[in-house]
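Work through the exercises below with the structure in view. Each task is followed by a solution in steps.

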Amino acid sequence: MSLLSDLINLNLSESTEKTIAEYVWIGGSGLDLRSKAKTLPGVVTDPSELPKWNYDGSSTGQAPGDDSEVILQYVICDAYTPAGEPIPTNNRFNAAKIFSHPDVVAEDPWFGIEQEYTLLQKDINWPLGWPIGGFPGPQGPYYCGAGADKAFGRDIVDSHYKACLYAGINLSGINAEVMPGQWEFQVGPTAGIAAGDQLWAARYILERITEIAGVVLSLDPKPIQGDWNGSGAHTNYSTKSMRNDGGIDVIKKAIEKLSLRHKEHIASYGKGNERRLTGLHETADIHTFSWGVANRGASIRVGRETEQAGKGYFEDRRPASNMDPYVVTSMIAETSILLK
């Protein structure tokens, strides 16, 4: 609740008692973020105090023109028909049902999501810092690099970092990635449905900052073909049983369950992922499930510290950068906890 309150309560106390509420939702593509602002008479302390609002769903590909109103129930990603039914792109609704299941609640699932993305030069859709119509030097010096010839767009990255922390998002870090112009931020650890809420909010803030900078944000999982790394959204995951003594056995059982539903997970882990999951560039082949300790070429990676401690978490390396975190997090929880 604090995240939503922080996002909507812009401090205008020096000039007015009113508050600006920015309503944010996911458009018809399932990835495009939309928003509009509303003036409220005072400070909002809980999302339940927010008035319902509507938007023209026929202009976002989410409703026909003769019945175009879509109802926003909260400021983040919760969109319904006038009859109260979740619209097809409201994946938060089904995720909330899974995260409210008693068995899932008892396991207190935690997530840490590594969101990779690429900054593109406006109008030409070519990575920031790359020569127009040409290529930079090969990968190697750019990962966690510093310097004007290695790190492109750091002012955007740092602005986003600070804005997310100010908004109450649990953004735990950032780094330059392997391909020049590619970056990553990490959200988490967050529990349950909050993982999806916070990642979507962080994406929205990044869209607004790149808008100001005149740069295009790309979540394409393979923005540049060839010998260049793609972009993923590695999802780190643990349950209470995994974090307790003996949790390594629970982790192995969860991985076995994930192997049984590999195709179903891949189908829900982002569009265009087949261009990224080739078995090259720190990925596993999309058709083959695998896991290993400290293996970044596997579908699932178990950290060396987790192996040594006998408890901890694992990393699902399959999700693409354009995945829906509501879908991915709830699916991992459903498969690992509820699948018998």
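**Exercise 1.** How far apart do the axes of helix H2 (residues 91-99) and H10 come, and at what angle do they cross? State how the two helices are oriented and describe their contact.

Solution. The model is predicted.
Step 1: The axes of H2 and H10 come within 9 Å, and the crossing angle is roughly 25°.
Step 2: Angles under 35 degrees count as roughly parallel, so H2 and H10 are roughly parallel to each other.
Step 3: The crossing in which H2 passes H10 is left-handed.
Step 4: On the H2 side the contact is made by Asn 91, Arg 92, Ala 95, Ile 98 and Phe 99. H10 contributes Tyr 326, Val 327, Thr 329, Ser 330, Ala 333 and Glu 334.
Step 5: Sorted by class, the contact of H2 with H10 has six nonpolar, three polar and two charged residues.

**Exercise 2.** Carry out the analysis for helix H5 (residues 194-213) and helix H10 (residues 325-338).

Solution.
Step 1: The axes of H5 and H10 come within 8 Å and cross at roughly 155°.
Step 2: Angles over 145 degrees count as roughly antiparallel, and H5 and H10 are therefore roughly antiparallel to each other.
Step 3: H5 passes H10 in a crossing that is right-handed.
Step 4: From H5, the contact involves Ala 195, Gly 196, Asp 197, Leu 199, Trp 200 and Arg 203. From H10, it involves Pro 325, Tyr 326 and Thr 329.
Step 5: The residues in the contact of H5 with H10 are five nonpolar, two polar and two charged.

**Exercise 3.** Is Asn 273 buried or exposed? Locate Asn 273 in the chain and list its contacts beyond its sequence neighbours.

Solution.
Step 1: Asn 273 is in the loop between helix H8 (262-267) and strand S12 (291-293).
Step 2: The relative accessible area of Asn 273 is 1%. Buried means under 20%, so Asn 273 is buried.
Step 3: With neighbours within four places in sequence set aside, Asn 273 is in contact with Pro 221, Ile 286, Arg 318, Pro 319 and Ala 320.
Step 4: Gly 232 is 41 residues from Asn 273 in sequence, and their C-alpha atoms are 8.7 Å apart.

**Exercise 4.** Which radius of gyration would a compact globule with 340 residues have, and what does the protein have?

Solution.
Step 1: For 340 residues, a compact globule would have a radius of gyration near 20 Å.
Step 2: The protein has 20 Å, which agrees.
Step 3: The C-alpha trace spans about 55 × 55 × 40 Å along its principal axes.
Step 4: Of the 340 residues, 51% count as buried.
Step 5: The protein has 10 helices and 14 strands.

Notes:
Residues numbered from 1 in each chain as written. Predicted model: local features only at pLDDT ≥ 70, side-chain atom pairs only at ≥ 80, totals over all residues. Heavy atoms only, no water. Axes fitted to C-alpha atoms, helices over the stretch in contact; angles between N-to-C directions. Helix = DSSP H or I, 4+ residues; strand = E, 2+ residues; numbered from the N terminus. Parallel < 35°, antiparallel > 145°, perpendicular 65-115°, else oblique. Left-handed = near helix turned anticlockwise from the far one by under 90°. Contact = heavy atoms within 4.5 Å. Nonpolar A, V, L, I, M, F, W, Y, C, P; charged D, E, K, R; others polar. Rg over C-alpha atoms; globule rule 2.2 N^0.38 Å. Buried < 20%, exposed > 50% of the residue type's maximum accessible area, 1.4 Å probe, protein only.
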